[in-house]
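This report goes through selected features of a structure. The sequence and coordinates are shown first.

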Amino acid sequence: MTPSQNGTLNRIHRLLMTVALGLLLFYFAVYLVYAVNLIQFPFDYDQGEGFELVDTIMFSKGQWPYQSTEAFPFYSSNYPPLFHVIAAPLVPLFGTSYAYGRLLSFLGTLVTATAIGYAVYREGRNRWIAVLSGLAFLASNTIYHIGPLFRQHATMVMFETLAIVVLAHVNENTNTRRRRLQLALGLGLILAAGYTKQLAAITAIAAGLFLLIRQPQRAVVWGLLAGIVGAAIFVGINVATNGEWWRQAIVANVNELKIIQTVALFKQWFGLHGFLIIPAVLLVIYEVYWDRLSLYAIWFVVATAINGAASGTWGGGDSYFSTAIAATCILSGIFAARTIRAEWKFPPNYLSQLIQPFRQYAPTLATASLIVIPLIYVGYGRAVLHLPTDQPPFNTIANVFNIHANAMNGFYDSARTQDGQYATGYANIGHLTTQADIDAGWRIVDLIKATDKPVISEDAGFTLMAGRPVITNPTQLLNLEKKGLYNGTELVKMIDEKAFGLIILRAQFYPDVVLQAISQAYTQNESIVMNGFSYLILAPK
Amino acid sequence: MYVILPRMIWNNTFTFTKRQIGWLLVIGDVAAFVGIMALNFLRHKPVSEIGPAQQLVFALFAVGFLIGLSLIPLGDAPA
């Protein structure tokens with residue numbers, strides 16, 4: 001290739017990289033707008049957010065949320081404590097609000113994206129690809145819609161990613177003191193992830209396998225140490241809660257698997273992230289046969305297989321792919337950077353013979369990669385298309401590209417069909433909230449304030465904003481019922497006696513025995529639509 | 001076995017090879033398959049009643065088994 005051809009190619013490469021960067025920065029802008037919108041929204045946006053706020057408020061008062069659901073107020077939580085403990089100091093400062101939990105979660109995704117970018121830069125030494133990899137994480141439809149929620153998932157992924165980045169090269173560290181600090185920090189971050197959400201167990205498995213393969217002695221010693229610390233915290237919480245931690249957060253949290261949901265979510269995950277999954281898988285195959293297995297590769301395989309399968313459980317969903325998405329972004333970034341730098345080496349083995357005929361094309365492939373790699377990120381950007389179609393400046397873009405809303409409040413999401421259908425288990429969120437949604441929420445709060453009696457609300461936000469005690473956590477009652485651990489006598493007795501001024505239902509995720517009691521003693525007065533969901537307001541018959 | 005295990009666990013320089021990982025995958029997948037089938041047998045569950053979740057697990061075992069077999073010829077290359 002002549003120097004002038006080389007110059008032209010480099011200019012095209014930079015142009016395509018700029019297009020890819022512009023596209024992913026556009027999604028970052030959409031993400032920022034969405035986060036600011038949600039942080040200002042005073043009620044539950046995603047099912048269950050309010051109960052995370054309840055947990056946070058309880059921790060701020062020095063109370064455990066793991067308690068018996070058989071006695072008034074019938075409340076318990078199935079979430080580990082760390083996310084709520086981190087948010088708890090903000091309760092005295094900002095009061096009962098979703099804002100700080102959502103902000104913390106959102107900031108956590110930015111930390112994760114930065115860690116992904118750092119890992120890719122460390123391995124590939126290409127700033128463009130490092131930035132694209134971090135932005136690709138935030139551009140994922142799944143990360144976008146769960147990122148700014150008052151939920152622990154994004155914070156768990158942050159701790160997991162930081163742990164993986166810290167541990168990835170621990171074995172190469174020849175300074176004993178620093179290596180020990182690195183191991184302690186990495187395993188501490190895994191424990192933090194586990195005490196943020198139980199799903200982080202897969203990162204512990206991946207790190208354990210990696211350490212075991214590279215140096216079994218180190219894996220056993222440090223695995224034991226981490227196990228002792230983790231077990232001591234576990235036993236401590238269990239003793240402090242009279243065994244309710246074990247019952248509520250562990251036993252009740254193991255749910256049945258719906259294989260149809262798993263398959264649907266796997267298809268959707270590949271459909272949205274396929275442009276990055278293929279390079280990631282190619283890098284894993286390369287490491288398996290021609291290089292050493294990296295922690296990133298093991299993490300990717302374990303997270304995809306186990307969390308992907310678990311996405312089909314009751315309470316699961318597309319968010320269970322978040323860890324795999326983080327790993328995908330790292331591996332695809334390393335693949336892209338290595339390809340651009342033409343750094344692939346194939347040590348001789350029986351499989352290298354299969355590569356041999358293609359060796360003559362290596363220079364051509366290296367040149368083509370300057371075009372193909374940025375196009376991969378452009379293709380990914382097209383696959384994850386999501387934006388509000390009715391709010392400036394996004395409405396202009398939607399008009400120019402003829403994009404029509406397929407979700408609530410004028411939102412377009414490529415994870416859905418044009419008529420709004422989506423895979424079972426995919427979270428029905430991502431749209432912006434409106435002033436009408438806020439007004440509807442305050443109407444429900446006014447109804448609660450108008451009664452002197454306690455109120456059961458399926459979303460905790462309304463009772464919290466009315467300054468009333470939160471009664472029960474419906475999904476937790478359902479979790480317990482599915483495990484045969486729920487009786488419900490006292491709650492049903494109070495419903496029969498019409499002890500509650502109102503009952504506010506949304507998805508009706510209560511045990512059958514509770515729903516039957518409600519249908520016999522209460523009748524629907526009105527229905528208020530907020531955030532696209534109908535809230536049924538039931539009063540005593 | 002009694003010689004290999006201490007060498008593995010208490011040796012600072014020991015690292016698994018591709019061949020060893022290959023054998024571990026082959027043996028592990030076969031053992032897990034036999035174990036699940038044995039459990040099905042003890043629970044009087046005929047092969048025709050194996051559900052989609054178990055079928056998925058068996059498919060993963062098969063993939064792991066094949067990867068394991070393909071790793072064995074790679075010899076002493078570090079894993």
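## Basis

The model is predicted, so local features need pLDDT of at least 70 and side-chain atom pairs count only at pLDDT 80 or more, while totals for chains, interfaces and linings use all residues. Residues are numbered from 1 along each chain as its sequence is written, and chains are lettered from A and ligands numbered from 1 in the order in which they are written.

## Chain B

Chain B has three helices and zero strands, where helices (H or I, at least four residues) and strands (E, at least two) are DSSP runs numbered from the N terminus. The order of its elements from the N terminus is α-α-α. Its C-alpha trace spans about 50 × 25 × 15 Å along the principal axes.

Of the 79 residues of chain B, 9% count as buried. A residue is buried if 20 or more other C-beta atoms lie within 10 Å of its own, exposed if 12 or fewer, and partly exposed in between, with C-beta atoms placed from the backbone. Among contacts in chain B with a separation of 6 or more, 91% come from residues 24 or more positions apart; two residues are in contact if their C-beta atoms, placed from the backbone, lie within 7 Å.

## Contact between chains A and B

In chain A, 14 residues are in contact with 17 residues of chain B. On the chain A side, α10 (201-214), α11 (216-240) and α13 (259-290) each supply at least two residues, and the largest share, three residues, comes from α11(A). By type, this side of chain A has nine nonpolar, three polar and two charged residues. Here Ala, Val, Leu, Ile, Met, Phe, Trp, Tyr, Cys and Pro count as nonpolar, Asp, Glu, Lys and Arg as charged, and the others, Gly among them, as polar.

Ile233(A) lies in helix α11 of chain A. Ile233(A) counts as partly exposed because it has 16 C-beta neighbours inside 10 Å. Ile233(A) and Tyr195(A) are 38 residues apart in sequence, and their C-alpha atoms are 9.2 Å apart.

## Helix α17(A)

Helix α17 of chain A (residues 362-383) has 22 residues and should span 32 Å at 1.5 Å a residue, which agrees with the 29 Å between its end C-alpha atoms. The expected span is 1.5 Å times one less than the number of residues.

A kink of about 40 degrees is centred on Ser369(A), the bend at a residue being the angle between axes fitted to the seven residues ending there and the seven starting there. Buried residues of α17(A) include Ile373(A), Ile376(A), Tyr377(A) and Tyr380(A).

## Strands around β4(A)

Strand β4 (residues 502-505) of chain A points Leu502(A) and Ile504(A) one way and Ile503(A) and Leu505(A) the other, and all are buried. Strand β3 (residues 455-457) of chain A runs parallel to β4(A) and is joined to it by three bridges; two strands pair if DSSP finds at least two bridges between them. In this pairing Ile456(A) stands opposite Ile503(A).

Strand β6 (residues 533-540) of chain A pairs with β4(A) in the antiparallel sense, over three bridges. Leu505(A) stands opposite Leu536(A) in β6(A).

## Glu70(A)

Glu70(A) is in the loop between α2 (49-60) and α3 (82-87) of chain A. With 15 C-beta neighbours inside 10 Å, Glu70(A) counts as partly exposed. Beyond its neighbours within four places in sequence, Glu70(A) is in contact with Asn487(A) and Glu490(A). Leu491(A) is 421 residues from Glu70(A) in sequence, with 7.2 Å between their C-alpha atoms.
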